[in-house]
Amino acid sequence: MNIKILAGLTAALTFISVAEAERPVLNVYYVRSPRAITLDTLSQANKVIKAAMKQDFKRKVKIRVRGIEERESFVFNSSLSEFYHYYNRLNRNKRKWALVVSPSQVDASGKTWITGRAQTWCWKQQKQMTLAMVNAMEVNSAGAPRVLHSIFGALHELGHTLSLSHTEDTGSIMHYGVLAYVLNGVSFSDAEKFRGKHCLRAK
C-alpha cells in the first residue's frame, strides 16, 4: 500500500478513536423491580435522551446501562433519601455522570408518582459524581400511559446536571412542574440549549 495512503488512513483512524474517547458517557443505572419500566421502554428512553443531546446541545453522548437491585420499596416523599442512597452507592468515579431510573413511588393511598432529583451544576466541571434520578413508570395508578412523562422527567433532571435551573416558562422542559405540560409539547429554550452546550464542551 502507498505510504501516503497508509499514513492518511492511520490519521483518520486516530481522529475517530480520539473523537470516540472524548464523547461524554452517561451511565444509566436501571433499578430492577416488579414495578420498574421494561427494558424495551428503557431502550426507548435512552434513544430519546441521545437524540435530545445531539439535537439540542450538539453533542453525541454514549449511554452505558447497568442493572442494580432495588434496596427497598420506597414510600412517597422518600425521593431525597433514595437519591442520597444511590449517590453514596455509586460515587466511585469522581467525575461520573449518572442517571438512576428507579420504580415509581407509591403514596399511602396506592397512587403512583413520578418524582426526580438531581444536582444542579455542570457535571464536567466537577471533581465528584453528578447524579440525576427519576422514578419512572409505564402507566399510573389510573392506568394512563406515563412513558412519555417519565422520559421528560429524566430529561428535566439531566438538564440540571448540565447546569440548567428551574424556569417559569411552561413551554420549557426545565419548568418545575413540567410533567403537567408534557402533552402540550415542551422543549429546552434557546438559552438553556446554549448553557447545556457550553457544559458538554467543557474540559
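Let me begin with a term: a crossover is called right-handed if, with the strands pointing away from the viewer, the path from the first strand over the helix to the second runs clockwise. In this model, which is predicted, strand E1, helix H2 (residues 39–57) and strand E2 make a β-α-β unit that is right-handed in that sense.

Staying with E1, which covers residues 25–32, we find that 7 of its 8 residues are buried, so the strand is largely enclosed by the rest of the structure. E1 runs parallel to E2 (residues 62–69), with 8 bridges joining the two, and within that pairing leucine 26 stands opposite isoleucine 63. E1 also runs parallel to strand E3 (residues 97–103), through 5 bridges, and here valine 28 has leucine 99 as its bridge partner.

Now to the disulfide, of which the structure holds 1. The sulfur atoms of cysteine 122 and cysteine 199 lie 2.2 Å apart, and the torsion about their S-S bond is about 90°, so the disulfide is right-handed. Because cysteine 122 sits in the loop between strands E6 and E7 while cysteine 199 belongs to helix H5 (residues 190–200), the pair ties together parts that are 77 residues apart in sequence. Both of these cysteines are buried.

Finally, helix H4, residues 147–161: at 1.5 Å a residue its 15 residues should span 21 Å, and the C-alpha atoms at its ends are 22 Å apart, which agrees. Just after H4, serine 163 takes a positive phi of about 80°.

Conventions. Residues numbered from 1 in each chain as written. Predicted model: local features only at pLDDT ≥ 70, side-chain atom pairs only at ≥ 80, totals over all residues. Heavy atoms only, no water. Helix = DSSP H or I, 4+ residues; strand = E, 2+ residues; numbered from the N terminus. Expected span 1.5 Å × (residues − 1). Disulfide = S-S within 2.5 Å. Buried < 20%, exposed > 50% of the residue type's maximum accessible area, 1.4 Å probe, protein only. Pairing = 2+ DSSP bridges.
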